[in-house]
Amino acid sequence: MAATPVSEQRAGVGTERRGRTRVHVVSDVHGNARDLARAGEGADALVCLGDLVLFLDYADHSRGIFPELFGTENADRIVELRTARRFAEAREFGARLWAELGTDRQSAIEEAVRRQYSELFAAFPDPTYATYGNVDIPALWPEFAGGGTRVLDGERVEIGGRVFGFVGGGLRTPMRTPYEIGDEEYAAKIEAVGEVDVLCTHIPPDVPELLYDTVARRFERGSRALLDAIRRTRPRYSLFGHVHQPLAQRMRIGVTECVNVGHFAGSGRPWALEW
C-alpha cells in the first residue's frame, strides 16, 4: 500500500492502474463544494474525514455562517478572542450578538448548515465513505447522505481488500463545537474499530507535533486512546485532519505512517492512497 504524492493525483489512471485500488482522502472540507466535486476523479472511492461545515474561516473572516449572520468586523473580533484563548469572553461576545439578532440560535445555524450540506453531499462521488468532524451536526446527515455515501463512526469497511476503520467527532474543548464527546465515549469507538489496515479519524493522535496549529497558534486536542491503539494494533496508516496547518504533517509511530490530510479547504486537493 503506497501513498501517491499530491502532485501526481490526477495522472495515470488508465491501464497502468489495472488490478490496483486507488482511494482519495479528504478532511476539513469547510464548504469547498467546488473542489469536492472533483476530489474523486481517478479514484475507486473517496474517503471523507469530516468537518464539511464552514462556520468561520480563520484565514478569510468574510467566509462562513458567522460572518453571514454578524458581519466581517464581528468575525474579526471573535477570531481575535479565540486566538488569544479568551474563550469565556468569546462566548459572552457571541451571546450578545445572538441577543441583538433576535432570532433562535439553533434554528438559524441549522438552516445555514442545511444549505451547506445540500451542496456538499451532492458533490460526493459514488462510492464515498464518510465520518463526522467536530463542527458537523450528525443528526442532519441522514437528510443528505444519498445511496452512494456510507456514513461510518466506530465502524469498519473493506475497500479493495483492505480494512478501513472510522471514528468521527472530536473531544471536548473550550470551543464547544457541535460534535465533541467525552474521552471514554471516544475510546470506546476506537476499541470497537479494532485492528485495521487504515485507521481513519477526524482528530489526530495525542502527539504535540501533530496537534499544534502554526497559524491559529494553539494546540488542538488529540486522542490518547487513538495513540495507544496505533501502538497496539499497528495499522499501516493513521489518517486524520482537524489541525489545518500542523507543525508536522506526517510522522511515523512504530510501523504506522500518520498523515494529516486536513488541508482540503485551502488546497482543494485530496491525498491519494494506492495499492
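Predicted model: local features only at pLDDT ≥ 70, side-chain atom pairs only at ≥ 80, totals over all residues.
**Figure 1. The salt bridge between R20 and E274.** E274 is buried, with a relative accessibility of 14% (buried means under 20% relative accessible area, exposed over 50%, and partly exposed in between, for a 1.4 Å probe and protein chains only). Residues are numbered from 1 along each chain as its sequence is written, and side-chain values use heavy atoms, leaving out hydrogens and water. The closest N and O atoms of R20 and E274 are 3.3 Å apart; a salt bridge is a side-chain nitrogen of Lys or Arg within 4 Å of a carboxyl oxygen of Asp or Glu. R20, R22 and E274 are linked in a network of salt bridges.

**Figure 2. The salt bridge between R236 and D197.** The N to O distance of this pair is 3.7 Å. R236 lies in the loop between α9 (224-233) and β13 (237-240), and D197 in the loop between α7 (183-193) and β10 (198-201), so the contact ties together parts 39 residues apart in sequence. Helices (H or I, at least four residues) and strands (E, at least two) are DSSP runs, numbered from the N terminus. R236 is partly exposed, at 37% relative accessibility.

Figure 3. Leaving aside residues up to four places away in sequence, V163 touches R156, V157, E158, V196, D197 and V198, where contact means heavy atoms within 4.5 Å.
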